[in-house]
Amino acid sequence: NRATGLVRPEDLMEMDLDSRPVDPTARSYSEVAIHAEIYKRRPDVNAVIHHHAPGTVSWGMGKVPMMPMNQSSRWMLDGVPFFDYRDLSRLIEGDKGWEDTNLIDTPARGQAVARALGASPALLLVDHGAVVVGGSIYEAVGRSIYMEINTAVQTAAMLRGGEVTYYDAAGELRATGARSDFARQWDLWKYESCLKAGFCKPELEAGRGAGGRGGRAGGAGGRG
C-alpha cells in the first residue's frame, strides 16, 4: 500500500474475487472492490485501472459527454457513462452515501460501479476519477493515457468556439470490429516508466506482458 510512484515489483499482491489478499498478512487497497466486482461481471476484461488523472477528474465534474477526438480514442465511440457517488445511499440500503465517503470501499459499492460501467470500456466517477478496462493490461493502460489526452484536446476544441467535428468512424469500427490494443506503444510506455521509477530490468525491457486470464494482480488492476 504505497504511493503510486514508489511501487516496486515486490509490492504487487494477489487478490481473490472477494477483494481479499491471498496473503492474509498483506495490507489491502481500500478500493480493490472496484476491480473485483468488474471482473465478476465482465468475462471479457483482463485489466482494470482506477485513476485520478486531472483532466479526466475535471471532466467527471460536469455533464458534457466525452467524445472521441481521433482514432486513438475511437474506443469511446459509444460514449463514456457517469457514476455519481451521491446516488450511493439510494442505490445501496444502509449506505450513508457521500456523507460517509465517496470512495468505492465496499463490495456493494463496487457492484454499483460495475453495473454503471455495463459493457463500456470506461466510466467517469463524479468528483473522483475514472475506471478503465481492457482485454489486456496494455489495452487498459493505453485507453487511460488517451482518455486523458482526449480531455485536453476536446477542451481546447470547445474553447475555440464554433462547431466541433468529432471523430466518427462508427460504421467502419462496427463493421470490421477494428480496435487498438495499443500493443505498439506498450514497449515505449513500459520502458519510460521503469526508467523513471529507477528499477529497469532486462526482463521488463524485452517483450510485452499480455495480462491474460489466469490470475489477478491487485496492485496493477490486471488479471495476473
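**Figure 1. Surroundings of Gly142 in the predicted model.** Gly142 touches Phe182 and Trp189, when residues up to four places away in sequence are not counted. The structure shown is a predicted model. Gly142 has its place in helix H5. The C-alpha atoms of Gly142 and Phe182 are separated by 5.6 Å, although the two residues lie 40 residues apart along the chain. Gly142 is buried, its relative accessible area being 0%.

**Figure 2. The four-stranded sheet.** The strands form an open sheet in the order E1-E4-E3-E2, with mixed pairing. Strand E1 (47–51) and strand E2 (82–83) are the edge strands, and each of them pairs on one side only. Strand E3 (residues 122–125) and strand E4 (residues 129–134) are paired in the antiparallel sense over four bridges. By contrast, E2 and E3 pair in the parallel sense, over two bridges.

Figure 3. Leu125 has Gly129 as its bridge partner in E4, and Phe83 stands opposite Leu125 in E3. For Ala122, the bridge partner in E4 is Val132. The hairpin of E3 and E4 has three residues between the strands, and Asp127 in this hairpin takes a positive phi near 60°. Along E3, Ala122 and Leu124 point one way, whereas Leu123 and Leu125 point the other way; all are buried.

**Figure 4. Helices against the sheet.** Helix H1 (residues 32–41) lies across E1 and E4 and runs at about 145° to E1. Helix H4 (residues 107–117) also packs on the sheet, where H4 touches E2, E3 and E4. The direction of H4 makes about 125° with that of E3.

Figure 5. In soluble globular proteins, nonpolar side chains tend to be buried together. The largest nonpolar core here has 20 residues, of which Met66, Val80, Leu124 and Met147 touch the most other members. Two or more residues of this core come from each of E1, E3, E4, helix H5 (137–159) and helix H7 (183–197). H5 gives the most, with five residues. Another core, of 19 residues, lies apart from the largest one and includes Val45, Ala112, Val113 and Val131.

**Figure 6. Contacts of Val80.** Which residues is Val80 in contact with, leaving aside its neighbours within four places in sequence? They are Met66, Ala122, Leu123, Leu124 and Met147. Of these, Ala122, Leu123 and Leu124 belong to E3 and are buried. Met66, Leu124 and Met147 are, like Val80, among the residues that touch the most other members of the largest core.

Figure 7. The protein averages a pLDDT of 80, and 81% of the residues score at least 70. Over residues 207–221, pLDDT stays under 50, and the model has 51 contacts beyond four places in sequence for this segment. Where pLDDT is low, the predicted coordinates should not be read in detail.

**Figure 8. The protein as a whole, for orientation.** The secondary structure comes to eight helices and four strands, which follow the pattern α-β-α-β-α-α-β-β-α-α-α-α along the sequence. Of the 224 residues, 42% count as buried. Among contacts with a separation of 6 or more, 64% are accounted for by residues 24 or more positions apart. The protein exposes about 12,100 Å², of which carbon and sulfur atoms supply 53%.

Note on methods. Residues numbered from 1 in each chain as written. Heavy atoms only, no water. Pairing = 2+ DSSP bridges. Contact = heavy atoms within 4.5 Å. Axes fitted to C-alpha atoms, helices over the stretch in contact; angles between N-to-C directions. pLDDT = per-residue confidence, 0-100. Buried < 20%, exposed > 50% of the residue type's maximum accessible area, 1.4 Å probe, protein only. Areas by Shrake-Rupley, 256 points an atom, 1.4 Å probe, with all protein chains shown as cover. Core = buried A, V, L, I, M, F, W, Y, C linked by side-chain atoms within 4.5 Å.
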